[in-house]
Amino acid sequence: MYQKNFKYPDTKAHEFVIARLAKRGVSLDELAKLVYETQKDFELGLTLEECKKDVNDVMHKRELLNNAMVMLELDRLTEERKVASPLAEIIENDSGVFGVDETLALQIANIYGTIGATNFGYFDRVKSGIIKKFDTSPEHVNTFIDDLLAAIVAATCGKIAHKYA
């Protein structure tokens, strides 16, 4: 039912995403390290602590939280066999022509403009660090989470680029 005075539950959404990422073995510190390693040669004076703060800031963006909740739930529901066929098989196999995972991730990366989108393309192609771990792990359905992590890192790199520009 539509509620006229509905207040968006940003705190609950943030807690949900952080908890779900932690359950899958993702720490924000790992993402911050990837941001730092990627950006340190471009932004002299950048510190890992600054990257941790920026990752935390990005993780509070409503656009990120909305897409992250959908992405994490689609991986989970598919793994639990609660998604109908043929969508389940497409998600399970991370079909190259599916593109929905990249589309949702790209919306996150675009929070900081074109630089975020460019960064996402790089991380989606290179798949380094924790992003690669999830892209190649057969343990879970990871169709969305690897792109989500790439988008978080890409958006954070975009935030840093804007800050130092």
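Author: What follows goes from the ground rules to the core, the helices, the cysteines and the backbone.

Author: This is a predicted model, in which local features need pLDDT of at least 70 and side-chain atom pairs count only at pLDDT 80 or more, while totals for chains, interfaces and linings use all residues. Residues are numbered from 1 along each chain as its sequence is written, and side-chain values use heavy atoms, with hydrogens and water left out.

Reader: Which residues does UniProt list for a domain?

Author: The unreviewed UniProt entry lists residues 30–162 as "domain: YutG/PgpA"; UniProt positions are given in the numbering used here, the feature name is shortened, and such annotations may be inferred rather than shown by experiment. That span is 71% helix and 0% strand, and its end C-alpha atoms lie 22 Å apart. Helices (H or I, at least four residues) and strands (E, at least two) are DSSP runs, numbered from the N terminus.

Reader: How many residues does the largest nonpolar core have?

Author: The largest nonpolar core has 43 residues, and those with the most contacts inside it are Leu21, Val26, Leu64, Phe123, Leu148 and Leu149. Such a core is a set of buried Ala, Val, Leu, Ile, Met, Phe, Trp, Tyr and Cys residues joined through side-chain atoms within 4.5 Å, where buried means under 20% relative accessible area, exposed over 50% and partly exposed in between (1.4 Å probe, protein chains only).

Reader: What is Phe123 in contact with, beyond its sequence neighbours?

Author: Leaving aside neighbours within four places in sequence, Phe123 is in contact (heavy atoms within 4.5 Å) with Leu34, Thr38, Ile131, Ala150, Val153, Ala154 and Cys157.

Reader: Two of those sit in H2, so which residues of H2 are buried?

Author: The buried residues of H2 are Leu31, Ala32, Leu34, Val35, Thr38 and Gln39. They lie on the same side of H2 because they cover an arc of only 160° around the axis, the arc being that of the directions from the helix axis to the C-beta atoms. Their cover includes H3, H7, H8 and H9.

Reader: What about H3: which residues are buried, and which are exposed on the face turned away?

Author: In H3, Glu50, Cys51, Asp54, Val55 and Val58 are buried, and they line one face of the helix because they fall within an arc of 140° seen down its axis. The face turned away from that buried side carries the exposed residues Glu49 and Lys53. H2, H4 and H9 are among what covers the buried residues of H3.

Reader: How many disulfides does the structure hold?

Author: The structure holds zero disulfides, a disulfide being a pair of cysteine sulfur atoms within 2.5 Å. The sulfur of Cys51 is 7.6 Å from the closest cysteine sulfur, in Cys157, and that is too far for a bond. Cys51 is buried, with a relative accessible area of 0%, and Cys157 also counts as buried, at 0% relative accessibility.

Reader: Back to helices: which residues of H6 are buried?

Author: Asp101, Leu104, Ala105, Ile108 and Ala109 are buried in H6, and they line one face of the helix because they fall within an arc of 145° seen down its axis. What covers them includes H4, H7 and H9.

Reader: Switching to the backbone, which peptide bond is cis?

Author: The peptide bond from Ser85 to Pro86 is cis, with omega near 5°, and Pro86 lies in the loop between H4 and helix H5 (87–92). Most residues other than glycine have a negative phi, and most peptide bonds are trans.

Reader: Then where is Arg81 found, and what is its phi?

Author: Arg81 is found in the loop between H4 and H5 and has a positive phi of about 60° although it is not a glycine. At 63% relative accessibility, Arg81 counts as exposed.

Reader: And what is phi for Asp94?

Author: Phi of Asp94 is near 45°, a positive value in a residue other than glycine. Asp94 is in the loop between H5 and H6 and is partly exposed, with a relative accessible area of 29%.
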